[in-house]
Structures are given as C-alpha cells and as structure tokens.
There are 2 protein chains.
Amino acid sequence: MSVGDVSKRILLGRKLRSSQLGETLLPKRIALPVFASDALSSVAYAPDEVFIMLSVAGASAYVWSWKIGLVVALVMLTVVASYRQTVHAYPSGGGDYEVATVNLGRNAGITVASALLVDYVLTVAVSISSASQYAAGAIPSLIGHEATVATVAVILLAALNLRGVRESGGFFAVPTYLFMVAILGMCAFGLLQLLVGNLPLAESSQLEIEPADGWDGPLTQVAMVFLLARAFSSGCAALTGVEAISNGVPAFKRPKSKNAATTLLLLGLIAVSMMMSVIVLANQMRIRYVDPHELDRLRTAAGGALPGGYEQHPVISQIAHGVFRDFSPGFYFVVTVTGIILVLAANTAFNGFPVLGSILAQDGLAPRSLGSRGDRLAYSNGIVFLAVMAIILILIFDAETTKLIQLYIVGVFVSFNLSQLGMIRHWTRHLKDTTDPTARRRMMRSRAINTFGLGMTAVVLVIVLLTKFLAGAWITIIAMIVFFMIMKAISGHYSMVAEELAADEQDKVLPTRVHAIVLVSKLHKPTLRALAFAKATRPNLLEGVYVSIDAEATNKLMEEWDERNLDTPLKVLHSPYREIVRPIVEYAQEIRRSSPRGVVAVYIPEYVVGRWWEQVLHNQTALRLKGRLLFTPGVMVISVPYQLRSSRIAAERESREAKRVQAGDLRSGRVRDSGSIDYDRQIDP
Amino acid sequence: MSVGDVSKRILLGRKLRSSQLGETLLPKRIALPVFASDALSSVAYAPDEVFIMLSVAGASAYVWSWKIGLVVALVMLTVVASYRQTVHAYPSGGGDYEVATVNLGRNAGITVASALLVDYVLTVAVSISSASQYAAGAIPSLIGHEATVATVAVILLAALNLRGVRESGGFFAVPTYLFMVAILGMCAFGLLQLLVGNLPLAESSQLEIEPADGWDGPLTQVAMVFLLARAFSSGCAALTGVEAISNGVPAFKRPKSKNAATTLLLLGLIAVSMMMSVIVLANQMRIRYVDPHELDRLRTAAGGALPGGYEQHPVISQIAHGVFRDFSPGFYFVVTVTGIILVLAANTAFNGFPVLGSILAQDGLAPRSLGSRGDRLAYSNGIVFLAVMAIILILIFDAETTKLIQLYIVGVFVSFNLSQLGMIRHWTRHLKDTTDPTARRRMMRSRAINTFGLGMTAVVLVIVLLTKFLAGAWITIIAMIVFFMIMKAISGHYSMVAEELAADEQDKVLPTRVHAIVLVSKLHKPTLRALAFAKATRPNLLEGVYVSIDAEATNKLMEEWDERNLDTPLKVLHSPYREIVRPIVEYAQEIRRSSPRGVVAVYIPEYVVGRWWEQVLHNQTALRLKGRLLFTPGVMVISVPYQLRSSRIAAERESREAKRVQAGDLRSGRVRDSGSIDYDRQIDP
C-alpha cells in the first residue's frame, strides 16, 4: 500500500468505523436511564428535606408539604420545558455552558462552568451521603459510621473509574428501571391500601414534634413565608441533574434533538410523579421527620422524651417499612435499589467530569491536554480531584445530607438562570433574521417558554440565596469564584502565549547550515543507528561527541571508532568533574555562537525498554540532557530510539491502555466499537 | 571564536579549572577532622557497651574492662596498619570495594558494597540514637522521647543534605578538634585528680549490680569466655569508620598516599588514647552501667530497689559530671561537643552514600545515572532512602544504641576481612613480577601486616557472629543479601542489554530516504521554526501533518497555510474520536511500512516554559506522542524547542541547581571552584 493510499484512507476515515459509530448511539429506552439516575435519585432525599424544613414549626406545618411539592413540580416542568428548547437549539452537547458562552459571552460561560464543576463535587458528596444513610437504615451496625461508609464508597467509585468501567446501557438501565418500579410500585401499592382504607401509619407517626426555638407560638406572616421559602428551596434539590440530557444530545439516536426532548419530558413526568407520590404517602402515613441533629425535638405522644437510641430512617425507608409491613423483602428491595441509584447518580459525576474537562480544554479554560481523548494522566487527575473534594465535604459535614443540600442548589440554579437568559437572547437574535411566519411563531413560543423559565428560576435562585446563604451556600459561591479565577488565569495564559507565538514574516527564514552531533556513550547498535540516521539527513557537518570521564575507556572507544571506519570525526570532551550534561550543553552553545544563523542538531540514542525499573536504569542522562538543551535557542534534539526486546512489554501495555474505556464515553457518544481496527497489531513484527 | 578553537579549549580543559582543583585538596590537619568524626565518635558509645556486656555478671566483671579495651586497641592498631598498606596500594579512593573487586572478583566486591550500604544506614541510626541519649542526659525534658528526637534529627540532616550543604574543612575541623580537646582534656584533668588523689566517684558508684538471670553464682569457664567475647565484640564498635580514609585518598594533598597513611595512624592513636582513658577513668570512678532495659538490676548499697525515675547517663556524661563537679560549663561543653560529633558522624554517611553510589554506578551495579555528577533526582533519592531506612531502624529499636550496636559491627568486619584477603592476594600477585629485592622486602612486609590483620579481623568476625547473630546481626546479614541480590540483578540487566546492543557490520547501513513530517497544531512561531529546521535538513519528502478534530478550525488552518505560501504540502488526518496521538502514530507506521528501509523523522514543536504549572498547560500531548512513537522502529523524534519568555525562569533555576554543592564533594576532591566559568551566562541573550 503506498503512502498516498494510506493517507487517503485515513483522510476519508475507515468506513467500518463510521458505520459502527452509529450503532453506539442510544435509543430513548436506554438514554432515559443513562441520563436519569442523577435527577431521579433526588427523590431519595428531596422530600425528606421539605419535611425537615417544615418541622421547625412543628408537625402542623406538614400540611404545606404537598403544596410545596406541587410548586417544586411546577418549577421542574418549567425547567424541563425550557431545556426542551435548548436541546433543539444546541444539539452539539455543550449544554448550559455552550448556551451561556455563545449568547452571553465568555465570562457567563466560565460562570456556568464553575457552577458545573462545583455541582459535580456536590453530586458525589450528597448522593453518597444519602446512600450511606439508606445503608445504615437497612444495616443497623453501620449507624454512626455513615461518614466512613461514604468515604469508602467514594474511594471505591473513584478506583472503579480510574480502572475504567465499561459503561453500557444495561449498566444504567437495569438499576434505574428497577428503581422506578420500586418507588412507583411501592407508592401505587400504598395508595391502593389508602383507597381500601388499610394504609398503616409510619413508625414515627406516634411522635410529636416540638417546634424549634423561636418557632413555638403563632407565627408571624414573615416567619411563615420564610419557613415555606426555606422548605421550597430545599425541595428544589429534586431539580438537580435535569440538565444532564442537554449535555448528551449527540449520544441519542436520530432524530437526536427530538428524541432528547421526548426523553427529557419523560424524565420530568416520572420525577414529578415519584416526588408527589412520596410526599402524599408520607403525609397519609403521618411520618414525623426532623433534622437528625435535633432528634430531641421528637417527643412521645405523652410529651415525654424519646427512648435513647431512636434511629430516624429516611422517608422512603419509613414508607417502605409501613407499606411492606408483612413482606420484608419488599422493604429491602426498595432500600437497596434506592442506595444503588444514589451510587449511580454519584457515578454520573465521575462520568461527566472528564467530558466537561474536555470541553473546557477546547475553549482554553483547562489544560489543553484534557481536550483530546486518551490523556490517561489528566483524566486520572480529574477523577482523583473530584473524589478528594467530595471526601473533604463528606468528612466536614459528617455525611449529613441535610447540611450538604444547603451547598448544593445554588450552583444548579446559577446555571439554570444563565442558560435561560442565553436562550432568550438566542431566540431574539434568530428572530431578527427569520421571516418565515411558522418559524417565527415557533421561535416566539420557545422564547416565551424560556422567559417564563427564567422568571421562575430567577425567583428560585433569589429564594435559595436568601434562605441558604449563611447555611452553607456561601461555601459554594467561594468555590465557584475560585474555579472562575483559575479558568480566567488559564485562559489568560493561553492568550498571552498565543500572542507571543503569533507568526510574522521573519519566521520563514531558513537556517543557513545544520551542524549535527551524535552523542556517543559506547559504540553499540543504538549509537550506530543514530549515526546512520544522522548521516541520512545529510547535515553540513556531522561529528560524534563523547564525554570522557575516564582515560582508559576513552582510549578504548577511540580505537574502536577508528577500527570501524565510520567516516565521521569523533570529538572528545574532557570532563574533569565527571559531569556529562554540562560539557555537551556548553559545546552545543559554542557551536551555536560561532554560527548564529545555523542550527545544531543533537542526536541522542535512546533505549526503549519495557519495565518501570528498566526506565530507572536507562535514559536518565538523556532525559536530563534534553531538558537542558531545550533552553538553548537554535538547538534541536533528536531522539533516535532503539527498541530493546523488553520494549514489547511496554508496547503491549500501551495498547491495552489505548483500548481501555473511559468514563463518559457512553454519554458523549464516543464509545469505541470493538470491531475497529487495532492499530497495535500494525506495529512491525 | 571558531568551533575549532572552542573544541580545542574544551579538549585541553581550562587552565584555571585544573589549577584551582589542586587548591581544594586537603592538608593533613584538615583531612584528619574530615575523615575522623565517624571513627572518633564511637568513643561516645563503645566503652558503654563494654560495661553493659560485662555487667550481666555483676560489677566484679568490670575488672576485665581495661583488658578488653587493650585488645580492642590492639585490633584497632592492626586494622590501621593494614589500611596503611591499602592507601599506598590503591590511592584511587576505591577503598575496600576496589581492593575486593580487583583481587577477589566481582562477587567479593559486591559483598563489600552491600556491607558498606548497610553500614551507612547503621552509622546514621547508631550515631543519632547515641546523640539523642546525650541530649536527654543534658536536657531532662527529652528523657523518654529519645526516638522522637532522633527521628527529627535524621529528618533535619536529610533536609540539610537535600538542600546541599557546602562542606568545608572548617565545618569538620572545629567540632572535631573541640571534641578531641574535650575528651582528652577531661581525661587528663581526671587522671591528674586521680594522681593527686581527689578524683571523685561517679554518680552511680554507690549502686550495686545484681547479675542477670543465669549469671549469678560462680561462672563456668565457657560462660566466662562467652561473657568476655561478647563484651569484646561490642567494644569493637570503636573500629567503625576507620576505613573512611581509604576511600578518600584522592582528596589529600600530595604525596596523597603518604599523607593519608600518616593521617590514618594519627587517627588510630587518638582513638585508642580516648577509649583507653575513658575506660580507665570509668573504672577509677567506679561507674556502674547496665543495659537501660534492665535498670532494675541496679540496687542501692543496702541491696534495696532504686528510687523510681533513676536516669542512667552515658559513661562520658558521668565522667564529665564527676570531673567537672565544681565547674558545670565543663560538663555541658563535653556533652555538647560529643552530641555534635555524633551528628557529624551521621552526616558522613550522608556524604559517603552518593560517592559510593557513583562508584557502584560506574561498575554497573547501580543505576548508571548515579555515575555522573549532578543527577539531582538520583542523588536526592539516595539521601531520602538512607534517611528512611535509618528512621525505620531508630523507631523499631526505640533509639537504643545498645540494641542497634548488635546490628552494626558485622558489616564492618565483613569488609575488613574481604579487604585484607584482597590485599594479601594483591601482594602475592605483585611479588611474582617483582625482582628488586628492596621492593620485594617491602611487599613481603606489607603482606605480613595484612596477613596478621586478616587473622585478627577473621577471629573478631567469628566472635561477632557467634555472640551477636541472634541479638540482631541476622538482620544485617539479610539486608546485605538483599542489597547483594539487587546489585547482581542490575549488573545482570546491564550485561544482557550490552549483549543485545553489541554492534555488528549490518548496523552501518544507511537508511535510503528520510520522510519528514512536521506536526502542526496551529500556524505559529514554533510550527514555523520546526518547518524551517526540517527544511534545513533537506529530507527526501517533507510535509506538515495536522490532526483534524473540528471542521471549522481545520478550514481556517488550511486557508492560513495556503496564504503563507509555505512550499510544503499539509496532510490532514481526520480523527472522529478526538484522538491526537493515535492518528499520528498510525500515519508514521504506515509511512514506515511503505518504505521499510527509509526513516520517518517526526518534528514536534515544543514550548519551553518556566513555571511548573505552565508545564501542565503545555507539551503534554507532545510528551505522550513521543512516548508512543518511540515504540515504532525506524522513527526518530525531533523536538524543536521554542523558548517562551517565561523559560528564562527555568533556565535560571537550572543554573542554580547546577551550581549547588552536593554532599560528598569535599571528601572525593570534587569541590567546584567558584572561579570556574558559569555556563549559564553563555545562553544567548
């Protein structure tokens, strides 16, 4: 096959590969679970938070819970409607970040990116903390060790993702559908019992809640509004993860946008049904639920203190316990799949993080190497960073979901708002250029939806800021500012470098001559190969260079050199202090000085070895030499590799690495098909 | 200056430099303290160990102490006499390792090297542990925290050596001479008091020692011999460090060997006088000294138990306390300089370790990069390794000198023995070729001395093994075996590689053609420079190669390329999965396959930046690409550096690094004179 053929084949792309790419796209029934775990899992903690917030005014405030639920559902459906516009307008998968950047400018984009980064960390911390509470509810011996359980779980998740889990539709589909079945089934069963009149009361139904300090007695109107606002903003935790689909449009089957929009609607409806059912059942079963730190506010019906060691179980656990009172496998099933879906939600953060990193890298906001697939090191650093941040939060807040929630929702609503604002601009801009009345009408409608969405999410953001700033949201805002500044700094650095590197006419001037020197340590195959390669480039002047630190070895080498008739002079540099690097660097600098418009080509024979300890034994001097030579203008460094037998081991390891899946591949439509040609088989035998 | 001039200057070496090299050589008065601290410092613990060992049979056994001291002194002087032969015969500074390798073969040499490595670790552990005991004796609040004090001291020493302490004669001379003055002065003062009859008794003189279990009652002859043998072998700790001078002959002023031999004799005489004076005074002052673990064997004169909290101070402390009873500054002076000399002794290990590493590297027993000066990383690893091993020993043995001593002496005597045996072979070999009767007589005499030395040290080694094997020497022996095997493995690996790399005639064949590809990411200065350099090498075929992951950017680049009229075709490789490295590697492999006798030259423009975080932001893809390309035969990788403004920072840092002193420079005669030309000033402005 000629080079021409080869390059054409590469230029056009392999047919096989493109056709198989299509096969990895997700049908709706798989896309739903892939993108839904984060959003749906919040039903495991959002209703609990509503009850906790209301409980400060005593159990009587619970009457508001389903009304709050309805408002949250309204916001949820509004946001879903808004994002349906986004997936149509921006099918490339850039999501909120792209919408904000394109329509509101770079700083808005960076703000969204900061919010997303913070959100990924909190998704992990909140989901895993909640999961550890479910685990403690089912396995009593874990009680009191929730933070440890959560930390271990985060470490395990990170390890799995570092190792490279193959994501497949089934990996998400089975637990997500099981979770839907579990929650909706449990609620249906419970509502059926309610209808026939034998719905049992919850384990906590006999308790009374004493209002918190300052909340006893009749509430003023302001206090009431504040109470409801706080409960509502906690309930909005249910909205986290809704935006995921807008980042994953490219992974959908065609018509991508339409399928994504439909999936989004489905997701919204399922989430709303779950949340409402849980709230209604919890009310009917008279669940009593307070901040786990204020368990002493729970009293027995007689007004006495609780017996020591009372354990408050999450709302879903209590419902399951009651509904399946005669069928404990039902209870364990619900609790188990809830725990699993929470872990899966945390895993989506591990998957989304590298994808976001890659997008930010392409825009010069993160190290550029994150932008291309397969930088294992950068990718691993991202996973470790995410895990460490999440663990820090878990340990600081002792894995208490209620406290972590205070940090969570700000970031989400910051991006909602900027995204909606961007969409309004988007439609306004497009309306200017559009004359077709049908299209205009559709755009007007979309803009109206986004405007309504903005109004709604703006109100929520204000409520969240007012009610949660001091309770923890300030931490999130500081973290966002830090991320923002780091990204600005990186971006500034890249621009500065780009400016410094901008080409002018002068740069086309060719060097007048090439003076090649081949480093000689011994007269063996690698040296001879380097000499041959150097000769093949026909430099103006070619010489071998040897650093002498031992007279005997020097004489031996010079004899060998003469014997071999190499047609190349050998220059010996004496090094009285046994230095290798310094004499060579000095020599290269002297050559350069004597011919400032020429170029010095330094040929370094390198051993390619396979095992890590062989790396320690070889090439260290070459590495240091190269590091030093790069500082000298007009010097280029040529590595002439010599592959030792053991290099085969490393070549195979590299090939395994290259074939390994990376988290996030599935949701960005980038899964490598197993049928694609394995380029490592193409290495010369 | 033409290249010819330059290379001649480098070839001949700078006059300035060679003449200044001479100035750094050590006169005897400086060489003595530089090399003596290790050997002399053992007087701080060796007598204590003799008393401890004898104490198991009760204080009555102390009558043997000065006889044991005399035997140790005899061994010491014999060893000194033997090493005086070595410094004459092997003036290159290879010491025992060289003697064993040259005369007994590689395995004997590796055995000596293993013993030396173990000894360096133990020198640090023993000296610092002993120093921390002196510190606790002077500062009561440190009592009970000796291990912590010792650990902190090792960490500080390691940090100082990592930082690079400038060793100077004065650095060693002042404390070493002060130590000699302190100990010999104290002893002279004490002996004077003895003569005039007012030598006080020691603080412990009123105590009785109860014999250890099994040692009460009259001793059998065998038990008696064993007791004395054990005490003797502990006393031999005084001999550690005597061999140091034989490794440092090149650092002496001319006539090197003669000066070294004289210094060695001086060292031996001073060490013997110190030890004997201390033992005699301790006996006269009726010091009672037992294993610090068996303090309960000490009784009051009435036979009662000791008051709680009795602190047993080291022998020198007790003598100083008594002799200077009316002059406490004298006591503090003695204790302080003793502590300092012990730290200095530990520091010699940090200095000697890199020197030994360098020698082993030259012989292919350690990573080759250790062989040339200035591999900061390898050097630092050595320091850290030494410190970590010493700290482990200190923590395991709770900084108790008595226990660590059990591990110490084996290694020393293994090298003594192999060295003596080597010297005998050396003389025998030379006697065969020598006819001059005077020379023959001198050699015969030398051989007789070494033979006597071997006899003596062999007996000591057997005694040490018999009495100390179970007490801890087995650990040393296992460590030596491990080091031995590692060095054999490294050496085996290098031989295998050398064999694989041995050149044959075929290797001279030139590649038929050079196909050069220049990687293009953008059309900026680095790319244009790489293109210009590539053109200057006049390859048979030159093209730019661009990996396209984004249609828009690709079109923009292609337009720019055409506009600039670069006379070079641009090949675009499409990468559907956003991979950068893989398409380029594949392309290089395809070119190579289409022309198997040609060579592919891949030009990579590299940014040279100055700050560590800039490294994170640049060159990561280039690095990975290079790593992958090296596995493909027939590919050479050319880094064309472009120096960004910030690279100046790194260039300056590198220059500071290069100028930094490394421990061990002084004792190997390698101190860089400050007048030598600074090559970093030669970087083009």
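This is a predicted model: local features need pLDDT of at least 70, side-chain atom pairs count only at pLDDT 80 or more; totals for chains, interfaces and linings use all residues.

User: Why is the pair A:K403 and A:E400 called a salt bridge?

Analyst: The definition asks for a side-chain nitrogen of Lys or Arg within 4 Å of a carboxyl oxygen of Asp or Glu. In this pair the closest N and O atoms are 3.8 Å apart, so the pair meets the cut-off of 4 Å. Over all chains, 13 salt bridges are found.

User: Are A:K403 and A:E400 buried or partly exposed?

Analyst: Buried means under 20% relative accessible area, and partly exposed lies between that and 50%. A:K403 has 34%, so A:K403 counts as partly exposed. A:E400 has 11%, and therefore A:E400 is buried.

User: What are the values for B:K403 and B:E400 in chain B?

Analyst: The closest N and O atoms of B:K403 and B:E400 are 3.8 Å apart, and the two form a salt bridge. B:K403, at 34% relative accessibility, is partly exposed, while B:E400, at 12%, is buried.

User: What makes B:E586 and B:R582 a salt bridge, and where do they sit in the chain?

Analyst: Their closest N and O atoms are 3.7 Å apart, so they fall within the 4 Å of the definition. They are four residues apart in helix α19 (residues 581-594) of chain B, which means that about one helical turn separates them. Both B:E586 and B:R582 are buried.

User: Which residues have the most contacts inside the largest nonpolar core?

Analyst: They are B:F35, B:L40, B:L54, B:M186, B:I319, B:F350 and B:F413, in a core of 160 residues. Helix α7 (residues 106-138) of chain B gives the most to this core, with 18 residues. A second, separate core has 158 residues, among them A:V79, A:L116, A:A237 and A:F331.

User: What does B:I319 touch, leaving aside its neighbours within four places in sequence?

Analyst: B:I319 is in contact with B:M186, B:V278, B:L281, B:A282, B:M285 and B:I287. Contact here requires heavy atoms within 4.5 Å.

User: Which residues of helix α6 of chain B are buried, and what covers them?

Analyst: In helix α6 (residues 95-104) of chain B, the buried residues are B:G95, B:D96, B:Y97, B:V99, B:A100 and B:N103. The cover includes α5 (65-89), α7, α13 (328-362) and α15 (401-433) of chain B. After α6(B) comes B:G105, with a positive phi near 100 degrees.

User: Why is strand β7 of chain A called largely enclosed?

Analyst: Nine of the nine residues of this strand (residues 635-643) are buried, so the rest of the structure largely encloses it. Both faces are covered: A:V635, A:V637, A:S639, A:P641 and A:Q643 lie on one side, and A:M636, A:I638, A:V640 and A:Y642 on the other.

User: How do you know that β7(A) pairs with strand β6 of chain A and with β7(B)?

Analyst: Pairing takes at least two bridges. Nine bridges join β6 (residues 599-608) of chain A to β7(A), and the two run parallel. Three bridges join β7(A) to strand β7 (residues 635-643) of chain B in the antiparallel sense. A:I638 stands opposite A:Y603, and in β7(B) its bridge partner is B:I638.

User: What domains does chain A have, and how many Å separate their centres?

Analyst: The domain assignment gives domain 1 (24-305 + 312-491) and domain 2 (513-644). Taken over C-alpha atoms, the centres of domain 1 and domain 2 of chain A are separated by 60 Å.

How values were computed: Residues are numbered from 1 along each chain as its sequence is written. Chains are lettered from A and ligands numbered from 1 in the order in which they are written. Side-chain values use heavy atoms; hydrogens and water are left out. Domain bounds come from an automatic or database domain assignment. Buried means under 20% relative accessible area, exposed over 50%, partly exposed in between (1.4 Å probe, protein chains only). A nonpolar core is a set of buried Ala, Val, Leu, Ile, Met, Phe, Trp, Tyr and Cys residues joined through side-chain atoms within 4.5 Å.
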